[in-house]
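The sequence and structure are shown first.

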Amino acid sequence: MRLVNIAYVGEGEVLARPLVSPNGKVLLQAGVKLTRNYIDKLSRLGFDTMFIEDDTFQDVEIYSAVSIKTREAAYASLENLSKNLNEAQPHTVNLGEVKKAVQNIIADLLYSKDMLGNVMEIQGYDDYTFHHSVNTTIIALIMGISMGWHNGKLLELGMGVLMHDVGKIKIPSEILNKRGPLTPEEFAEIKKHAEYGFEILRKNHDINLLSAHIALQHQERWDGSGYPRGLKGNQIHEYGRLAAVADVYEALTSKRVYRNALQPYEAYEYVIANSDTLFEPKVVQNTFSKCITPYPTGTGVRLTNGLRGNVVKQNFTFPTRPYVRMTHEGEIRLIAPIDYNLAEHPSLMIVGIENK
């Protein structure tokens, strides 16, 4: 299978991985033969890319780090939490469903055949805070696992990250969903969600106080430029420092109705570039840079030698230099594909993304 931009998907091509809606429901299953009607409807829903079956890449396996079933349960737990918070006092809301969702995510990641190769599921327009919260939790937990954290610590981290934006239930929807630039007053209101979230969570006996601090601190920055308290360096708890990286990376790589998503390598480079300013250097250099791949498996790439193909496997020792299979020179198909381990070819560089 390989990743293809929807503009290059033809009628009759076969979907290789399921497509899901922003609330985690499967829209089309793998194995569906795509019709023009399907393609046009998916385009209107905001899907830019999809995995397509291709005999040249039939040996390429792309595993979901977290199953669709687990994702659906996590979405449902957040939806129910939001509803319950609107109907009851925060301290009376049972967080058992959220805890179970986090435990399932941890279990999926620990038993995944390829935890790092493809973290995100392809989705269309994101109209839900839930989508961002679930993806951010997965990224944060991958980082926590790579740091060797035990299950209890992972659960504390996951609970806090999954609910890090819970304070947004107190922000007016017209501000949250505004497509144009926010006024200074509107942005000031948005910034209150961190404190709102902490106040909601700290009153609940089902969540550790350190987990609740993730809601309060995920917008703090290593250099003190964040909010709500302008904390700096180690004044920010390690959970908050890790959550900040996961939160920003996920936000940059997710499509919104008012902007396109960045390519994973662009968001990866943004995080790396802001090590020691926005983000803790140790988290970025020792963890993020080693467990989040800039070129997910299946991505179409162009090399400095003019050849074009797709990533077929990750090189975890050198995340920026994956294994690739070249199939075209420009628009001309090669007689036989050429495989490269880019770690063994220092003169070859990825110079562009071309999901054709």
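Which residue does arginine 2 stand opposite in strand 4? Arginine 2 faces isoleucine 52. The account below sets this pairing within the wider architecture of the model, which is predicted.

## Domain organisation

The protein is divided into three parts: domain 1 covers residues 2–52, domain 2 covers 68–290 and domain 3 covers 299–353. The centres of domain 1 and domain 3, taken over C-alpha atoms, are separated by 24 Å.

A further distance concerns glutamate 266 and phenylalanine 47. In sequence these two residues are 219 positions apart, while their C-alpha atoms lie 19 Å from each other in space.

## Strands 1 and 4

Strand 1 (residues 2–5) and strand 4 run antiparallel and are joined by 4 bridges. Within this pairing, isoleucine 52 of strand 4 is the residue opposite arginine 2.

In a regular strand, side chains alternate between the two faces of the sheet. Strand 4 (residues 49–52) has Thr49 and Phe51 pointing one way, and Met50 and Ile52 pointing the other way. All of these residues are buried.

An open sheet of 5 strands shows antiparallel pairing in the order 8-7-6-5-9. Its edges are formed by strand 8 (332–341) and strand 9 (350–353), each of which pairs on one side only. From one strand to the next, the twist averages 35 degrees.

Strand 5 (residues 300–303) pairs with strand 9 in the antiparallel sense over 3 bridges. There, arginine 302 has glycine 352 of strand 9 as its bridge partner. Strand 5 also pairs in the antiparallel sense with strand 6 (residues 307–313), again over 3 bridges. In that case the bridge partner of glycine 300 is asparagine 310 in strand 6. The hairpin of strand 5 and strand 6 has 3 residues between the strands, and glycine 306 in this hairpin takes a positive phi near 90 degrees.

## Aromatic pairs

A pair of aromatic rings is described by the distance of the centres and the angle of the planes. The model contains 5 aromatic pairs. Tryptophan 149 belongs to the loop between helix 4 (129–146) and helix 5 (151–162), and tyrosine 239 to helix 10 (residues 238–253), so the pair ties together parts 90 residues apart in sequence. Tryptophan 149 counts as buried because its relative accessibility of 12% is under 20%. Tyrosine 239, at 2% relative accessibility, likewise counts as buried.

Another pair, that of tyrosine 249 and phenylalanine 288, is edge-to-face, with 5.4 Å from centre to centre and 70 degrees between the planes. Because tyrosine 249 lies in helix 10 and phenylalanine 288 in helix 12 (residues 281–291), this pair ties together parts 39 residues apart in sequence. Both tyrosine 249 and phenylalanine 288 are buried. Ring pairs also link Tyr249, Tyr268 and Phe288 into a cluster.

## Lysines over aromatic rings

Which lysine lies over the face of tryptophan 149? Lysine 153 takes this position, at 4.5 Å from the ring centre.

Histidine 193 is located in helix 8 (residues 193–202). Its relative accessible area is 2%, and histidine 193 is therefore buried. The side chain of histidine 193 reaches the backbone oxygen of isoleucine 190 at 2.7 Å. A polar contact of 3.2 Å also connects the side chain of histidine 193 to that of histidine 218.

Glutamate 266 is found in helix 11 (residues 264–273). Is glutamate 266 buried or partly exposed? At 32% relative accessibility, glutamate 266 counts as partly exposed. The side chain of glutamate 266 reaches the backbone nitrogen of glutamine 263 at 2.7 Å.

Technical notes:
Residues numbered from 1 in each chain as written. Predicted model: local features only at pLDDT ≥ 70, side-chain atom pairs only at ≥ 80, totals over all residues. Heavy atoms only, no water. Domains from an automatic or database assignment. Phe/Tyr/Trp six-rings, centres within 6.5 Å; stacked < 30°, edge-to-face > 60°. Helix = DSSP H or I, 4+ residues; strand = E, 2+ residues; numbered from the N terminus. Buried < 20%, exposed > 50% of the residue type's maximum accessible area, 1.4 Å probe, protein only. Lys NZ or Arg CZ within 6 Å of the ring centre and 35° of its normal. Pairing = 2+ DSSP bridges. Axes fitted to C-alpha atoms, helices over the stretch in contact; angles between N-to-C directions. Polar contact = N/O pair within 3.5 Å; in protein donor to acceptor, adjacent residues only side chain to side chain.
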